[in-house]
Amino acid sequence: MAAPDPSPVLDLIEAFRRSKTMFTAVRLGVFDLLEEGPATAPELADRTGVQAAALERLLEGCAALGLLEREAGVFSNTDLARQYLTRQSPRSLAGYIRYSDDALYRLWGELEAAVREGAPRWELVFGARGSLFDHFYRTEEARADFLAGMHGLGLLSSPAVVRVFNLNAYETLVDLGGGTGHLAIAACERYGRMRAVVYDLPEVIVHARAHIEASPARERIATAAGDFFRDELPRARLYALGRILHDWSDARCLELLRRVHAALEPGGAVLIAEMLLDEDRCGPLSACMQSLNMLVCTEGRERTESEFRALLEAAGFAEAEARRTGAPLDALLARRKE
């Protein structure tokens with residue numbers, strides 16, 4: 001019997017090399033510099049303060065990955081890099097890439113220990129108590145970079161999340177832990193009668209205002225600051241929780257969902273945007289990897305539709321329905337049980 005094709009195993013052996021190549025080029029600002037104009041490796045090395053021959057290898061690796069083009073020794077950005085790897089692009093993922101390089105790459109290095117102990121590795125890796133959010137909110141610059149990265153990710157999913165269900169019946173929305181407001185903006189731009197409040201910590205909510213002002217729906221979107229586990233929540237017909245519940249244990253999720261239930265008006269509902277695991281928990285691949293990511297980072301995890309249903313029913317919700325969006329995040333809608 002012939003041996004199976006080893007390509008999948010070989011691909012996994014090399015996968016981190018490709019990631020780290022992109023991470024390093026973003027970290028050095030290569031794509032930002034090339035957005036100012038094409039350049040040779042020595043020219044870029046002079047501007048970044050690195051060794052020219054070594055940088056040329058990195059640039060060649062980026063070209064092989066489809067991120068750069070080279071002609072006659074001169075490198076330039078591809079459209080892929082221009083859209084997602086430069087700071088100035090409104091779709092930029094560069095902040096999330098820097099977060100992945102600075103934190104996730106190091107945390108994943110402790111995956112074996114996380115599996116052995118069943119606990120996140122934050123304190124061990126960074127030598128500080130608190131959560132990963134404490135680390136990335138430690139300075140204004142770090143907070144802005146992290147939130148810019150999350151905004152870029154949000155733009156990939158929020159339009160699909162608010163489209164997959166008909167939300168016309170909900171005139172008011174609270175985007176809980178809404179960050180830069182991408183979900184509330186997408187919802188209000190799609191549903192012309194909807195008014196929204198982006199709710200997050202005071203130091204976070206200031207970063208939403210510029211994005212809201214750039215939206216044609218800006219007159220219908222407000223902000224409110226607070227801690228969603230401690231402070232009074234605004235009344236609304238619809239609550240949205242995007243990438244929130246996967247940070248927390250079942251007990252904390254239930255606590256939060258009960259607070260949302262109490263804040264909802266009669267006939268209200270909750271919209272959840274998360275990666276949905278298949279019921280056998282062995283797919284999709286991206287959700288399985290994200291669940292491992294939550295293991296090394298937080299007390300949370302990714303969940304199946306039935307697991308979300310159980311949490312929602314325990315919190316007083318009914319008629320929970322899940323839909324795949326085709327975007328990085330899927331969606332669930334559940335109605336407040338009267």
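In which loop does Pro284 lie? Pro284 sits in the loop between β8 (276-277) and α15. Here helices (H or I, at least four residues) and strands (E, at least two) are DSSP runs, numbered from the N terminus. A cis peptide bond joins Gly283 and Pro284, with omega about -10°. Most peptide bonds are trans.

The model is predicted: local features need pLDDT of at least 70, side-chain atom pairs count only at pLDDT 80 or more, and totals for chains, interfaces and linings use all residues. Residues are numbered from 1 along each chain as its sequence is written, and side-chain values use heavy atoms, with hydrogens and water left out.

Start with the whole chain. The protein chain has 16 helices and 11 strands. Its radius of gyration is 22 Å, close to the 20 Å that the globule rule gives for 338 residues, so the chain is as compact as a globular protein of that length. That radius is taken over C-alpha atoms, and the rule is 2.2 Å times the number of residues to the power 0.38. The C-alpha trace spans about 70 × 55 × 45 Å along its principal axes. Buried residues make up 49% of the 338 residues. Buried means under 20% relative accessible area, exposed over 50%, and partly exposed in between (1.4 Å probe, protein chains only). Among contacts between residues at least 6 apart in sequence, 67% join residues at least 24 apart. A contact means heavy atoms within 4.5 Å.

Next, the open space. The largest pocket holds about 1200 Å³. Of its 24 lining residues, the closest to the centre are Ser19, Phe23, Ser100, Trp108 and Met289. A pocket is an open set of points on a 1 Å grid over the protein atoms alone, with protein on both sides within 12 Å along at least five of seven lines; a cavity is a set where a 1.4 Å probe fits but cannot get out; lining residues have an atom within 4 Å of a point. α1 (7-28), α6 (94-108) and α15 (285-297) each supply at least two lining residues. α1 gives the most, with seven. By class, the pocket lining has 16 nonpolar, six polar and two charged residues.

The structure holds one cavity of 30 Å³ or more. The largest cavity has about 30 Å³ of space. Its lining consists of Leu167, Asn168, Tyr170, Glu171, Tyr191, Gly192, Arg193 and Met194.

Now move to α11 (182-190) and the loop that leads from β3 (172-176) to this helix, where Thr180 lies. α11 is mostly covered, with seven of its nine residues buried. Among them are His182, Leu183 and Cys188. Thr180 is buried too, because its relative accessible area is 4%. A polar contact of 2.6 Å joins the side chains of Thr180 and His151. Not counting residues up to four places away in sequence, Thr180 touches Leu147, His151, Ile185, His207, Ala208 and His211.

Finish with backbone angles. Most residues other than glycine have a negative phi. Ala72 has a positive phi, near 55°. Ala72 is in the loop between β1 (68-71) and β2 (74-77), and its relative accessible area of 80% makes it exposed. Glu319 also has a positive phi, about 55°, although it is not a glycine. Glu319 belongs to strand β10 (residues 317-323). At 58% relative accessibility, Glu319 counts as exposed.

Key: Points joined across faces, edges and corners; volume = space filled by probe spheres on them. Nonpolar A, V, L, I, M, F, W, Y, C, P; charged D, E, K, R; others polar. Polar contact = N/O pair within 3.5 Å; in protein donor to acceptor, adjacent residues only side chain to side chain.
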